[in-house]
Amino acid sequence: MDALTLEIKRYIENNQLIRPGDGVVVGLSGGPDSVFLLYALHTLQARMGFTLRAVHVHHGIRGAEADRDAAFSEELCAKLEIPFQAVHVAAPAYAAQRGLSLEEGARILRYEALETVRQQLTTPAAWVAVAHHLDDQAETVLHNLVRGAGLRGLAGMENRRNHVIRPLLSIKREDILKWLEQNKIAYVTDSMNADPHYTRNRIRSTVLPELREINPEASAHIAHSAALLREADAYFHALALRYVDAHATLTASPVPLPETDTPGESTIPRPSALAEDRVEGETEAPAEAMILRSIALPVTELKAYPELVRQYVYSELLRRIGTPLKDWSAVHYRDIDRLIFGPGGAHLDLPYRMSAEYRKKTLILQENREVISVKRRKNHG
């Protein structure tokens with residue numbers, strides 16, 4: 001076993017990502033990172049006692065290039081004698097129907113497909129393994145930083161979240177590419193990864209190399225800082241969870257407003273993990289809206305908490321209502337803050353066809369069937 005594979009084995013064992021008897025589904029794009037992950041887990045499966053299969057998701061985006069990637073992935077798995085499955089999804093239509101970016105729609109469908117296959121495994125425990133590495137972690141933190149993310153975004157990716165594991169988070173991209181070259185392992189490249197219009201691509205090709213000129217270990221230091229922030233994030237998330245449990249009310253229709261500021265006593269069901277834009281701004285409240293779900297929270301007590309805590313409460317409210325959180329940033333939470341510190345009777349448009357209202361000292365977040373207004377009104381500063 002070579003040194004790089006041994007490092008992955010140690011990382012898996014130290015973080016208890018995979019145990020003997022588990023089943024592992026590898027998300028295989030055919031690119032260098034996922035190909036390396038497949039080879040590493042293929043080497044480790046007999047030694048560590050887990051089963052392995054691979055899934056390639058064809059997003060219906062890149063035409064012949066995507067067909068090539070699917071064929072390559074299938075041939076690779078046949079060569080390694082690893083069970084393989086290709087799943088075809090229609091990311092463009094899915095994204096358009098839900099008002100998502102193409103990238104986000106593809107991501108949601110990809111993880112849904114991988115989760116579907118994972119649930120079909122009959123092992124005592126089963127995981128989806130994805131190939132995010134140390135430099136991906138640094139890119140994620142920087143991307144979230146420039147988007148105005150809070151602690152949660154700056155904490156980066158976890159090595160395990162729900163049933164998704166990331167065994168390569170301690171491995172540098174340059175070491176992966178060097179290993180593939182030394183072992184003469186082929187892989188495919190996605191032309192979209194070279195498109196400078198995507199912010200992450202610019203961070204990968206321009207920003208991180210410049211930072212490594214300043215400090216060769218820049219990616220590792222960014223990842224370490226993210227780990228510390230994850231601890232802080234976990235603390236504030238637990239605090240927000242308890243607050244929302246105690247005070248909020250979730251309904252499947254427009255929310256009846258309380259006559260007083262007395263918090264509701266109902267317990268809110270928490271949805272399962274999400275298969276993880278429009279212009280936002282305060283607007284005239286619409287006379288009528290087609291509301292799918294609403295969640296209401298009296299805010300008199302909440303206003304006394306620090307802004308950071310309020311942002312975690314807003315995030316938990318959104319999670320309870322079932323809204324994807326990926327494209328939300330501190331800007332959106334500050335907009336909600338301005339709303340609740342305003343005079344009341346105001347309305348705010350938010351991402352993912354969400355809206356917020358502040359009436360009778362109560363914040364109401366609503367998921368709407370369609371964008372319900374476009375007229376902006378800048379109140380509260």
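How many residues does helix H2 have, and what distance does H2 reach from its first C-alpha to its last? Select residues 32-48: H2 has 17 residues and reaches 23 Å between those two atoms, close to the 24 Å expected at 1.5 Å a residue. The expected span is 1.5 Å times one less than the number of residues. Helices (H or I, at least four residues) and strands (E, at least two) are DSSP runs, numbered from the N terminus.

The model is predicted: local features need pLDDT of at least 70, side-chain atom pairs count only at pLDDT 80 or more, and totals for chains, interfaces and linings use all residues. Residues are numbered from 1 along each chain as its sequence is written, and side-chain values use heavy atoms, with hydrogens and water left out.

**Along H2**

Centre the view on His 42, where H2 has a kink of about 25°; the bend at a residue is the angle between axes fitted to the seven residues ending there and the seven starting there. Next, colour H2 by burial: 12 of its 17 residues are buried (under 20% relative accessible area, with exposed over 50% and partly exposed in between; 1.4 Å probe, protein chains only). Among them are Val 35, Phe 36, Leu 44 and Met 48. Just after H2, select Gly 49, which takes a positive phi of about 75°.

Select Ala 186, in the loop between helix H8 (173-182) and helix H9 (199-214). Leaving aside neighbours within four places in sequence, Ala 186 is in contact (heavy atoms within 4.5 Å) with Val 35 and Phe 72. Val 35 is one of the buried residues of H2.

**Ser 315**

Move to helix H11 (residues 307-321), which contains Ser 315. Is Ser 315 buried or exposed? Ser 315 counts as buried because its relative accessibility is 6%. Beyond four places in sequence, its contacts are Arg 152, Leu 325 and Tyr 333.

**The whole protein**

Zoom out to 12 helices and 12 strands. Buried residues make up 48% of the 381 residues. Finally, colour by pLDDT, the predictor's confidence in each residue, from 0 to 100. The mean is 86, and 87% of residues reach 70 or more. Over residues 257-289, pLDDT stays under 50, and the model has 96 contacts beyond four places in sequence for this stretch. Residues 372-381 also have pLDDT below 50, with 33 contacts beyond near neighbours in sequence. Where pLDDT is low, the predicted coordinates should not be read in detail.
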